[in-house]
Each structure stands twice: as C-alpha cells, then as structure tokens.
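Subject: Structure handover

Hi there,

Here is the structure I promised to pass on to you.

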Amino acid sequence: MSNKEVKAALKSARDAIRNKEYKEALKHCKAVLKQERNNYNAWVFIGLAATELGQPDQAKGAYKKAIELEPNQLLAWQGLANLYEKPNQTEVKGDLANVYQKLLELYRSSDKQKWCDVCNKLVELYHREKKYSEVAETWQKLIQMKQEEGAEKAELHQLWKKMIQLLKDSTRSQDNKTEQLLLTAFEHAVNSADTVPGEDHQNLYKDFIQCLSKFPHEATRLKKACNDMMALYPTTSYPSEVLCLHFVRSGVLSEEFLQYCSMLLEMDASSGPAIICFGIKCLQEKKYEEAVKSLTEGLQKTNWCPEAWYYLAEAQVKIHKHRNAVLSCNQAIKALGILEDPNLQWKNLALQLKAETLIKLGGADAAEEAIEALEEIVDASSDPVVSAIRGQAYLNKGLMDEASKISQELLLSHSELAEPHALEGYIQYFLKNYEQAERSFLNAVERKPETAEYHQYLGLTYWFMSDETKKDKGKALTQFLKAAKLDSYLGNAFFYLGNYYRDIAGDKSRARGCYRKAFELDEMDEESGIAAVDLSVELGDMDTALSILNHVTGKASPGTAKWAWLHRGLYYLRNGQPSQAVADLQAALRADPKDSNCWEALGEAYFNRGSYSTALKSFRRASELNPGLVYSIYRAAALEQILGKCESAIATYQQILKKTENYMPALKG
C-alpha cells in the first residue's frame, strides 16, 4: 500500500467514524496498520471506533500505542480522557487524573480555555476522591492562570470562594499544606470582596474565624482575624465570643483573656460565651458559688464547650457539690468525644477530676467507677498523682493490699510529692495506726500546706489518737481550724470544731455556731443538724432551733428527715400544741415506722388532744415494738380505764406489777 493509498484509507476511516460506521472504520485502520505498523492516526481511529463499539480494552490499548508513538500529540490523550470519562470506567480514576495532568501540560501554551476546562474536571475528580491536597494545589494553579490573564477582581473573588467551598471538609485531613492553602483562600476572599462592610462579607469572615478556631496552633492568625472583624463590625459579638472561647480551650486565662471577657460582657451580657468567661473569672477569684451559677447559665446557651463543663465541675468540687461535679465531668468527657480532634489534655483532666470526686463521695461503687475513669487516662501509669488516686480508690473498695502496694512504690519513687504520703496516711488512719498516720499526714502537709483535706485528716488522727491529743489545743483544734480556714465549705471540719467546743472547751454557744455552719454546708449531715438544734434548746434559743427544723421539714419529701419531724413534734408536745405534734410525729413515723419512742410520743400527743382511742392504739404499738417501755404499757392501761374498759385495764396494771412490783402509777391505777 502506497502513501497515497494509506492517506485514502485513513480518510475512509475518518468518514466511516463520522457516519457511525465503526466496524468499517476498523477495517480501514487495520489495513493501514498492515502497511504502517506505527501510524499514529490509525491507532487513534481504532481507539475512537472501539470506544463507540463498547470495546474499552481494545480502545485503551490503541490509545496507549498512539501515545507511545507520539507522547506530545493531543488526539490520543483526548481520546483516552473521553474513554476514561465513560460511566462504566470506574476503575481507572487514577489513570484519568494522570491523563488530565498531561492534557494540562499540552494545553498550557496552546489553548487557555481548554486548559481551564480540564483543570475544573481534574479538581472535581480529586474532590470526589477527597484528595484535598491535590484539589488545593490544582485550584491554585487555575487561579494563577486567571491572574496571569488579568482576570477581574470579582472573578478572582469567586474563585477564592470556590476554593473555600472545595476545601471546607479538609480540616479533618490533618494535612498542614492543605490547611495553609485553605486559610490563604479565606484571606484572599475576605480581602477581595467588593461590598465591605456587607452581609456576605460578614458571613465570610465568620466562616474564616470558625475555620481558624479549629486549628489551635493558629492562635496568632485567629486573634488578627477576630480583631480585624471587630474593627469592621464593632457591634457583632461573634469574633469576641470565639476569642474568649479560644482562651478557655487553651487553658491560658491571662490578663488579655480578662480584657476580651469584659469587652464581650459590655457588648452582650446575655451571650453564652460571655457568661461562661465571667464564670471562669469568678472561679479564678475564688467566688465559687457565683462561678457555678454563671457557668451553669452559660452552658445552657453554649453547651458545646467541654472545657467550660470541666471548669464547672472544678467549681462544684470547691463547694463540695460532688455528685453534680461528677455529672459535669461526664458532660465534659462526652462533649470532647464528639469533637473531630479532641484535646487529650482536657480529657485526661476531666477523667482525673471525675475520679478524685468519686473518691470523695465514698463507697465501693463510686471507687469502682473512679478506677474505670482512671483506666481511660492516656499514660496514666507514668503519673504518680494518678497512681495515688488509684490507691485511694482501692482503699475505698477495701482492697488494702493493692492500696498499700501503690503507696510503698510511690514513697520509694516520688517521696518528694505530697500525694504518696497522704495515701499512706489514709491507709494508716483506716487501720487505726494513728501514730504512723500522724507522720504521713505531717509529711503531706509539709509538701502541700494549702490542702485542707490533709489538715482535716491530721486533726481527725489527733482526735482519735488519745484524750491527750484530742484536748491539746495545738493538736486536733489547730488542724481543724486550719482546714476550715483553707476550705470554708468543708463541713466535716466545722462538725469536729463543734465537737471540740462542746465536749472539750464547754463553749456551747461557739459549738452551736460550728454545728450550724456544718449543717448549712451539708443538709444531709443529720448529726450536725441535731447537735445544732439540741444546743439551741439548751441555750434557750428556740427561735434558732425552730428555724432549722422549719427549714428542713419545709424541703423534706415524704418519708425523709425523721430527726427534724421528731424534734419539732416533741417541741410542739412540750408547748401544748398537740395537733401540730401529731402531724409532725406521724411524718417522723413515715420515715421510720418501727421507732417505739416515736409511737410513745405520738400516743402522748393524741392523749393531750383528747383522742383517747387513737392514743391507746399508739401506746400499744409502742409496747409491741419494745415490751420494755413500761410507761407506754401504763398509759395504755390508764386509757383503758378512762374508756371504761376496767377489766382490761386491771389486767394491764397487773402485767406491769409482775415486772415492776412497786411501780406506783400502776398500783394507783
């Protein structure tokens, strides 16, 4: 076949393809290839015809042969791209990206529009495959091309915004290069907007700041963006809110943080982040109750801030609201688990605080939960403080050997810390080895003199060690006073101060004040409440006694606060108010139906009210529960006599006299 015949065959193949006679085209191309094995156009036409005939493997082979012959010719690359773009060619996406790259190279100097079209296709391909780094680099090349062509500012602005849209999900990829290209796109977009200030520009700035807030290492850039936005939009609180929460998350609560906090509060006092920041400020200033109030309110408005939940838990621990603190720790841990990139440091802090708080609650179940929390702390085994907390949890579970093992290991490896000595002190105190406990707590206090709990336990050690150390002002009393001064919410310290002033110093007035303070701090502390009421009665201060009792009974749910109902019922009984006494004593019996003394008092109240039949039943119930209550048996007999049941009354009197021969009321009866 001559050159003329080859050209004619190729023309016939082209015409056949144009007429969709693809098999005919293949015949002409094969005829050419018999003569010229390396004919570029023949291979390209075979690729085209095979593609249309649904023969992708043959088409691919033909195009690749053509490319091998002429690697810088466009036709084969275009054909191969067309083949790979077919819906059924899902397995060649990686090859398609390479084809697009080659087309970009070939179009670069010859056809700028086609270069842009291919660039868009390549970006879409990378985006579908979540190859954000390649998306960013390729799109930036497109923008550079447009800049070289002298594109208008508005067109470039839209291209930067498109780049942001393409990369908005890339923050999870942990790719620093892509992250920087995304932030650069934001900077160009906010700086190239036409309408400034304006709603679209303001929303774009918000998106930029939100994006920056996801990268802790971009603090400087975040501050600049927030300050720039504040300058443009001075009435918008968003940048101030983000900055304040950034400081909260970083844990750096500096003067700068306080300035932004004050600025935000002035701008919008109802803002969730503003209230949270104010709460943290209160925590810093040791205004713990105010801190709890503000942090709780702020989190109702901005509950996606795990660090604020941690600070709330810290404030709740300070005022000994331990159950609430555990719940706040759980919220912090849960919120951190939802984040794309949770901060391990904050999670470890929340888990440790949760464990410490559970140990303060006491009990084996809480100790087990504390151990589970400690297990989740990353690198917990290398932290001696965490190990000491674990030792306390074992002690609360009654696992003395495990607690002692941890204590001994820590004393050998970290004797410079207070926690190992405190752990050993708790163990020895539990074993009632008070002299060893004293040494350990003195060592702990020496290393951490500001820890109220160490002083409290040292005081307890002296209290139970001997009468001498209990009475020695320089021992138990001094330590309880230090504990109360360091932690004004430590109810147990005030309770033992009350014991000291009542039992040792004989100062009932001061003792009453301490008991009352202890009870105000912990209204579940019945012992302190009873002592405060009893001393008030002894001191003739019935107003104070009734004030305490009214407060407790006013808040009590049915079947609770027996002591308060009983005390107030007895007060009413003594003061000639039998109906009120009946009501209170009945409430006390709902809490403890088997209290024989309470039944006896209720019988007396009914008697004074003139309800003799009901009084009789109450005295009988008292004597059933406690046959040794001679007075109840006597009152029952007397009531039988009043009610005309003389034979029964005589039998009951005789029953009393058998046990107590000279019991004068029975003889008289």
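This is a predicted model: local features need pLDDT of at least 70, side-chain atom pairs count only at pLDDT 80 or more; totals for chains, interfaces and linings use all residues.

Along the principal axes, the C-alpha atoms fill a box of roughly 150 × 60 × 55 Å. The radius of gyration is 43 Å, whereas a compact globule of 669 residues would come out near 26 Å.

Next, the annotated regions. An unreviewed UniProt entry assigns a "coiled-coil region" to residues 3-39. In the model that span is 81% helix and 0% strand, and its end C-alpha atoms are 11 Å apart. For residues 40-73, I find 79% helix and 0% strand, with 9 Å between the end C-alpha atoms. Residues 596-629 are 82% helix and 0% strand, and there the end C-alpha atoms lie 8 Å apart.

Now to the helix pairs. How do H10 and H11 run relative to each other? Helix H10 covers residues 176-192 and helix H11 covers residues 199-213; their axes come within 10 Å and cross at roughly 160°. An angle over 145 degrees counts as roughly antiparallel, so H10 and H11 are roughly antiparallel to each other. The crossing of H10 past H11 is left-handed. On the H10 side, the contact involves Leu-182, Leu-183, Phe-186, Glu-187, Ala-189 and Val-190, which meet His-201, Leu-204, Tyr-205, Asp-207, Phe-208, Cys-211 and Leu-212 of H11. Sorted by class, this contact has 10 nonpolar, one polar and two charged residues.

The second pair is H29 (residues 508-521) with H30 (residues 526-538), packed at an angle of about 145° with axes 8 Å apart. H29 also passes H30 in a left-handed crossing. From H29 the contact takes in Lys-508, Ala-511, Arg-512, Tyr-515, Arg-516, Ala-518 and Phe-519, while H30 supplies Ser-528, Gly-529, Ala-531, Ala-532, Leu-535, Ser-536 and Glu-538. Here the class count is seven nonpolar, three polar and four charged residues.

I hope this makes a handy starting point as you look through the model.

Best wishes

Key. Residues are numbered from 1 along each chain as its sequence is written. Side-chain values use heavy atoms; hydrogens and water are left out. Axes are lines fitted to C-alpha atoms, for helices over the stretch in contact, and angles run from 0 to 180 degrees between N-to-C directions. Helices (H or I, at least four residues) and strands (E, at least two) are DSSP runs, numbered from the N terminus. Angles under 35 degrees count as roughly parallel, over 145 as roughly antiparallel, 65 to 115 as roughly perpendicular and the rest as oblique. A crossing is left-handed if the near helix is turned anticlockwise from the far one by less than a right angle, and right-handed if clockwise. Contact means heavy atoms within 4.5 Å. Ala, Val, Leu, Ile, Met, Phe, Trp, Tyr, Cys and Pro count as nonpolar, Asp, Glu, Lys and Arg as charged, and the others, Gly among them, as polar. UniProt positions are given in the numbering used here, feature names are shortened, and annotations may be inferred rather than shown by experiment. The radius of gyration is taken over C-alpha atoms; the globule rule is 2.2 Å times the number of residues to the power 0.38.
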